[in-house]
Structure formats: C-alpha cells, structure tokens
Amino acid sequence: MAEVQRTFVAIKPDGVERGLIGEVVNRFERRGLKIVGMKLLKVSREMAETHYGEHKGKPFYEGLVSYITSAPIVGMVLQGKDAVTLARNVIGATNPLNAAPGTIRGDLAIEIGRNLVHGSDSPESAKREIGIFFKDSELVNDWTRTVEKWIAE
Ligand SMILES: Nc1ncnc2c1ncn2[C@@H]1O[C@H](COP(=O)(O)OP(=O)(O)OP(=O)(O)O)[C@@H](O)[C@H]1O
Ligand SMILES: [Mg+2]
C-alpha cells in the first residue's frame, strides 16, 4: 500500500551554477510531487559533514564535501505517495553513465562527481536530512492542493 512520505531533494552546486534550477524543479512538479519546503542556501562544512557522514573515510569524501560546499544548493522537501522512491527514480542512478535517459542524471549529467541532484534513500534518511536543512517553521504543513484528487486516489 502506497504511503504518503516526505523526501529531501537538493539541486547540488553544479545544477545551480549551470542554470538548471527551473529544469530540475519542473521535473518533480510535473511528476506530481508536492513541494512543502524550498530554499537556496550555501552549505557549511559542518552541515556537509553531517549530511554525508556515512561516506567519511571513503576516497571521494573530501572531494564530495568540497563540491557540495562550493556554491549554493537548492534544498527541497517533496511530499507524495512513495515520495522517496519516486524522487530517486526521477533522479536516476548515482553514476550518470548508468542513469536511464529520461532521468535527471541520464539527461543532464555525465559523471558521478557532478551528478547534479541529491535524493534521500529511505524515509529515515529523509527525516534526518530534512532536520539538517530545514526548521519545521520553514515547511508548509497546512496546505492541501486542490489538484490532489487528480494526482492520487
Ligand atoms: N565513486 C565516487 N566518486 C565521486 N563521487 C562519488 C562517488 N560515489 C559517490 N559519490 C558522490 O557521493 C554522493 C553520495 O553517494 P551515494 O552513494 O549516497 O549515492 P546516491 O544516494 O545515489 O546519491 P545522493 O546521496 O547524492 O542522492 C553521490 O551522489 C556522488 O555525488
Ligand atoms: Mg545517498
């Protein structure tokens, strides 16, 4: 049974630098996910280390922290049925080389170190990541879209 979930999605510095904010947001909007939080921010080293803690010690870790802190990102909280998996499918495989055409990475990126977008990998990760990037007061919790019934039963 599909469950209404929230997920944390970020347009990484390469997406912002390349002028792809609108293109990326559009893909999630068109799919039917509801945006309940969104902001442009510069990620601090501390936030990056918390967010990517699971990768500490890996060969790409320092490069990853420097990439994510190098220019602003756009952080978003998206809500919908199965939002975590849905968003990951819209984003595509981690390595853009293997990402299917039609996905963000499959259409707009070519290598893993510049893969444009982040998406939480589980509802638990989503909760943790939303807490890193958003205060509860920055999320819109009291809004039912009028189109909702045309998107999900
Ligand atoms: N081998 C690698 N070389 C360079 N960067 C990497 C490598 N593996 C992962 N990364 C970077 O670390 C990020 C986090 O890796 P993870 O395994 O969580 O992939 P993901 O869940 O598909 O991506 P994300 O968490 O960004 O949505 C990747 O999106 C990529 O930017
Ligand atoms: Mg991940």
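**Exercise 1. State how many residues line the second largest pocket of this predicted model, and describe that lining.**

Solution.

Step 1. The lining of the second largest pocket is made up of 15 residues, and those nearest the centre of the pocket are Gln79, Gly80, Lys81, Glu148 and Ala152. The structure is a predicted model.

Step 2. Next, the lining is assigned to elements. At least two residues come from each of β3 (73–81) and α8 (148–151). The element that gives the most is β3, with three residues.

Step 3. The lining is then sorted by class: six residues are nonpolar, four are polar and five are charged.

Step 4. Finally, the space in the second largest pocket is about 220 Å³.

**Exercise 2. Describe the largest pocket by its volume and its lining.**

Solution.

Step 1. The space that lies in the largest pocket is about 570 Å³.

Step 2. A total of 25 residues line the largest pocket, with Lys12, Tyr52, His55, Thr94 and Asn115 nearest its centre. The elements that contribute two or more residues to this lining are α4 (61–68), α5 (83–91), β4 and α7 (123–133).

Step 3. Sorted by class, the lining of the largest pocket comprises eight nonpolar, 10 polar and seven charged residues.

**Exercise 3. Determine where ligand 1 sits and which residues surround the ligand.**

Solution.

Step 1. Ligand 1 is located in the largest pocket.

Step 2. The shell around ligand 1 has 13 residues, and the closest of them are Lys12, Arg88, Thr94, Asn115 and His118. Strand β4 (residues 117–119) provides the largest share of this shell, namely three residues.

Step 3. By class, the shell around ligand 1 consists of five nonpolar, five polar and three charged residues.

**Exercise 4. List polar contacts of ligand 1 with their distances, and state what percentage of the ligand's accessible area the protein covers.**

Solution.

Step 1. The cut-off must be known before the distances are judged: a polar contact is a pair of N or O atoms within 3.5 Å.

Step 2. Two side chains are considered. An N or O atom in the side chain of asparagine 115 is 2.8 Å from an oxygen atom of ligand 1. For histidine 55, a polar side-chain atom lies 3.2 Å from an oxygen atom of the ligand.

Step 3. One backbone is considered. A polar backbone atom of isoleucine 112 is 3.5 Å from an oxygen atom of ligand 1.

Step 4. On its own, ligand 1 has 580 Å² of accessible area, of which the protein covers 77%.

**Exercise 5. State how many cavities of 30 Å³ or more the structure holds, and describe the largest cavity.**

Solution.

Step 1. One cavity of 30 Å³ or more is present in the structure. The volume of the largest cavity is about 60 Å³.

Step 2. The residues that line the largest cavity are Phe8, Ala10, Lys12, Val43, Ala48, His51, Tyr52, Ile68, Ile73, His118 and Phe133. At least two of the lining residues are supplied by each of β1 (4–11) and α3 (45–51).

Step 3. Sorted by class, this lining has eight nonpolar residues, two polar residues and one charged residue.

Step 4. The lists may now be compared. Lys12 lines the largest cavity, is among the residues closest to ligand 1, and is also one of those nearest the centre of the largest pocket.

Methods. Residues are numbered from 1 along each chain as its sequence is written. Chains are lettered from A and ligands numbered from 1 in the order in which they are written. This is a predicted model: local features need pLDDT of at least 70, side-chain atom pairs count only at pLDDT 80 or more; totals for chains, interfaces and linings use all residues. Side-chain values use heavy atoms; hydrogens and water are left out. A residue is near a molecule or strand if one of its heavy atoms lies within 4 Å of it. A polar contact is a pair of N or O atoms within 3.5 Å; within protein, one must be able to donate a hydrogen and the other to accept it, and residues adjacent in sequence count only if both atoms are side-chain atoms. Accessible areas come from the Shrake-Rupley method with a 1.4 Å probe; for residues, only the protein chains shown count as cover. On a 1 Å grid over the protein atoms alone, a cavity is a set of points where a 1.4 Å probe fits but cannot get out, and a pocket is an open set with protein on both sides within 12 Å along at least five of seven lines; lining residues have an atom within 4 Å of a point. A molecule sits in a cavity or pocket if more than half of its atoms lie within 2 Å of its grid points. Helices (H or I, at least four residues) and strands (E, at least two) are DSSP runs, numbered from the N terminus. Ala, Val, Leu, Ile, Met, Phe, Trp, Tyr, Cys and Pro count as nonpolar, Asp, Glu, Lys and Arg as charged, and the others, Gly among them, as polar. Grid points are joined across faces, edges and corners, and a volume is the space filled by probe spheres set on the points.
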